Amino acid sequence: KQEVTQIPAALSVPEGENLVLNCSFTDSAIYNLQWFRQDPGKGLTSLLLIQSSQREQTSGRLNASLDKSSGRSTLYIAASQPGDSATYLCATFQGDTDKLIFGTGTRLQVFP
Amino acid sequence: GAVVSQHPSWVICKSGTSVKIECRSLDFQATTMFWYRQFPKQSLMLMATSNEGSKATYEQGVEKDKFLINHASLTLSTLTVTSAHPEDSSFYICSADPGTGDEKLFFGSGTQLSVL
């Protein structure tokens, strides 16, 4: 059974810092890995999707990397801003199914 | 991009009542929809997989008689929390699979349920 964990659970940083959020998964036979953002009491916003054949994806100040062999993905946020404050979730599919398994999340707060 | 509408956004009800939550795919058809539950400061936990025209598949530990799922059309799935109790208070969120093969799901905005 796929298990996904994220560290740190919470992070509070001053504006302008570069950040690394970590995601680990137990079953390396993944189809893809996705990163989402969730604002309090809101739904999910898809940030990046990395296919299993890819090593990284970039969107603006966000860069996500994938290392299947070690069961890890990282989300790099450059020059963080207060508007980046949210919970960040990584997710991947359970085996060969279409069930998306979410990580435990990292709650990020960027203060001015 | 594909849009999934979830309604209501929040609901407060008395213990013992039933609450229905709707999940609609607005600009695409979804043969499969998923329902998740999220407790405060926790991640999303898959409750069930909803397939159009057939019975939902529930995850272990989720009571199917408590959480009734109906997927009557290719654009609508509903989750009914029957005889709700305070412990059912949670954030419920749905997602829909457009079936494009790229394994990308689209999520509703969620429903915050508070049972008094």
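Is A:Ala79 buried, partly exposed or exposed? With a relative accessible area of 37%, A:Ala79 is partly exposed, because buried would need a value under 20% and exposed one over 50%. Keep in mind that this is a predicted model.

A:Ala79 sits in the loop between strand S8 (72-77) and strand S9 (86-93) of chain A. Its phi is positive, about 45°, although A:Ala79 is not a glycine. Chain B has a case of its own: B:Ser83, also not a glycine, has a positive phi of about 45°. B:Ser83 lies in the loop between strand S8 (76-81) and strand S9 (90-97) of chain B, and it counts as partly exposed because its relative accessible area is 32%. For context, most residues other than glycine have a negative phi, and most peptide bonds are trans.

There are cis peptide bonds to look at too. One joins A:Ile7 and A:Pro8, with omega at about -5°; A:Pro8 belongs to the loop between strand S1 (4-7) and S2 of chain A. Another runs from B:His7 to B:Pro8, with omega near 0°, and B:Pro8 falls in the loop between strand S1 (4-7) and strand S2 (10-13) of chain B.

| Residue or bond | Backbone angle |
|---|---|
| A:Ile7 to A:Pro8 | omega about -5° |
| B:His7 to B:Pro8 | omega near 0° |

**A loop residue in chain A**

A:Glu15 lies in the loop between strand S2 (10-14) and strand S3 (19-25) of chain A. At 44% relative accessibility, A:Glu15 is partly exposed. Leaving out residues up to four places away in sequence, A:Glu15 touches A:Ser80, A:Gln81, A:Pro82, A:Val110, A:Phe111 and A:Pro112. A:Ala78 is 63 residues from A:Glu15 in sequence, yet their C-alpha atoms are 10 Å apart.

**Chain B as a whole**

Chain B has 11 strands and 0 helices. Its radius of gyration is 13 Å, which agrees with the value near 13 Å for a compact globule of 116 residues. The C-alpha atoms fill a box of roughly 40 × 25 × 20 Å along the principal axes, and 48% of the residues are buried. Of the contacts between residues at least 6 apart in sequence, 53% join residues at least 24 apart. On the charge side, chain B carries 9 positive and 11 negative side chains, with the centres of the two sets 8 Å apart.

**Where the chains meet**

Chain A brings 21 residues to the contact and chain B brings 20. About 1600 Å² is buried between them, 57% of it from carbon and sulfur atoms. A:Asp98, A:Lys99 and A:Phe102 supply 28% of the area that chain A buries against chain B, more than any other three residues.

Definitions and conventions
Residues are numbered from 1 along each chain as its sequence is written. Chains are lettered from A and ligands numbered from 1 in the order in which they are written. This is a predicted model: local features need pLDDT of at least 70, side-chain atom pairs count only at pLDDT 80 or more; totals for chains, interfaces and linings use all residues. Side-chain values use heavy atoms; hydrogens and water are left out. Helices (H or I, at least four residues) and strands (E, at least two) are DSSP runs, numbered from the N terminus. The radius of gyration is taken over C-alpha atoms; the globule rule is 2.2 Å times the number of residues to the power 0.38. Buried means under 20% relative accessible area, exposed over 50%, partly exposed in between (1.4 Å probe, protein chains only). Contact means heavy atoms within 4.5 Å. Lys and Arg count as positive and Asp and Glu as negative; His and the chain ends are not counted. The place of a charge is taken as NZ of Lys, CZ of Arg, CG of Asp or CD of Glu. Buried area is the accessible area (1.4 Å probe) that two parts lose on being put together, summed over both.
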